[in-house]
Amino acid sequence: MRHTFLRFSLFILLLLVSLEASSEHKGLIYLNTIREKSGLIKLKTNKTLQHAATSHANYLIHNQQNGHYEKRGKYAYTGSTPSERVIKADYPSTFVMENVSINTAGHKKSIDNLFSAIYHRFVFLDFDIDEIGFGVSSSKKKRKVKHAYVYNMGSSGIAGLCNRSFTLTHGIYYMSDICKQSTKMIPQSLFEVTKDKVRRKNRDIIVYPYAEQRDIWPAFYNESPDPLPGYKVSGFPLSVQFNPANYKHVTLRSFRLYDENGKEIKETKILQYNSDHNHLLTELEFVLMPLKRLEFDTKYTAVFEAVADGAKMKKQWTFKTAKPEEKIYRVSGNKTKLTVQAGSTVLLYMVPGSGKDILHSYRSRGGINASFLDQNTLKVTFPKRRSSGRVSLDFGKKKVFFDVQ
């Protein structure tokens, strides 16, 4: 009996490991599909980066934390910063980047959420990286942080330089603090050439959403640091990046967004190097943030004009927001009555009245099954039988009553 139990336990463990590996593989395919369609090279898997990412994901779950930093002395601590953690895992270089998300259902949703957050998007769309490690950790207990996804990205070329030996030569500039041995000196010119080899494999200009992309979720909610203070909800950000291997100076002339009727969305904020209050954008990165949510199932056109290294240039492209399978009810009043079919599932879009108007919770009556898709949108399933009693959702100031037919 004991041996049978052990074999069964081993089988379950191997099954869980296999499912996790399959999920990570699908996540890598999904991320690489986005990178390729945007004009960037695929990332390859690096097991050392994966080990470091998994260690941090475990730390976040065990300590119920979020973010990129760990505190010495805490359970599952492996390093205060991403660079310290990859070195601990035996990665040769500190030249790494990290993305983190919590409480999303699967890698696809995790990646989508990070692409809606502009600073984290630029990490995934970086010109210098060519390898990645995925880490995931979960808890079955009822806890605040139930799922943690960590992505560590690096450059195989820079890691390769850290595995080489160099003789110090007079008249050559060297760099330190980029390798596992912090005192190791790397020729600066070779460092730059190695970065450029990867950069030149990528397209000159990257736009996101990429041209003809579909199924873009129309809203942006939060990011740390916050690119749009004063707003808890806004529209999906648009971005343009210039490849530093091919461009040195870019001056923005205009960045505009139009709906499918050709009407300009004028309530926007442009972020660039000199207007980003977090000072995270480079001189080659530009962002248009719609101040109001975009609409579902709508085609938009972006037009970007600039002067790049003295030459005028213009990029124009289109993308389309998500079209849910369910019927969408757009609710803007404080008291709304809707007629719905028994047993049906619909989306309830509570139109925000301001940039701070988001939902935190709800109370339901009449056997409704509801769940948040975002902080203004709920997926609602109604009882299979017609109801003569009160069927409603109460959001505090806002209330929706349903006539179930």
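Reader: Is F115 buried or exposed?
Author: F115 is buried, at a relative accessible area of 1%; buried means under 20% relative accessible area, exposed over 50%, and partly exposed in between, with a 1.4 Å probe and protein chains only. This is a predicted model, where local features need pLDDT of at least 70 and side-chain atom pairs pLDDT 80 or more, while totals for chains, interfaces and linings use all residues. Residues are numbered from 1 along each chain as its sequence is written, and side-chain values use heavy atoms, without hydrogens and water.

Reader: How many aromatic pairs are there?
Author: There are 19 aromatic pairs. Rings of Phe, Tyr and Trp (its six-membered ring) pair if their centres lie within 6.5 Å; planes under 30 degrees apart are stacked, over 60 edge-to-face, the rest tilted. F115 and F124 are stacked, with 5.4 Å centre to centre and 25° between the planes.

Reader: And what about Y208 and Y210?
Author: Their planes stand at 75° with the centres 6.2 Å apart, so Y208 and Y210 are edge-to-face. Both Y208 and Y210 are buried.

Reader: Which residues form the aromatic cluster?
Author: F115, F124, F134, Y151, Y208, Y210 and F236.

Reader: Switching topic, which cysteines does the disulfide join?
Author: C162 and C179, with S to S at 2.1 Å; the cut-off for a disulfide is cysteine sulfur atoms within 2.5 Å. The C162 and C179 link is left-handed, with -80° about the S-S bond.

Reader: Are C162 and C179 buried or exposed?
Author: C162 and C179 are both buried.
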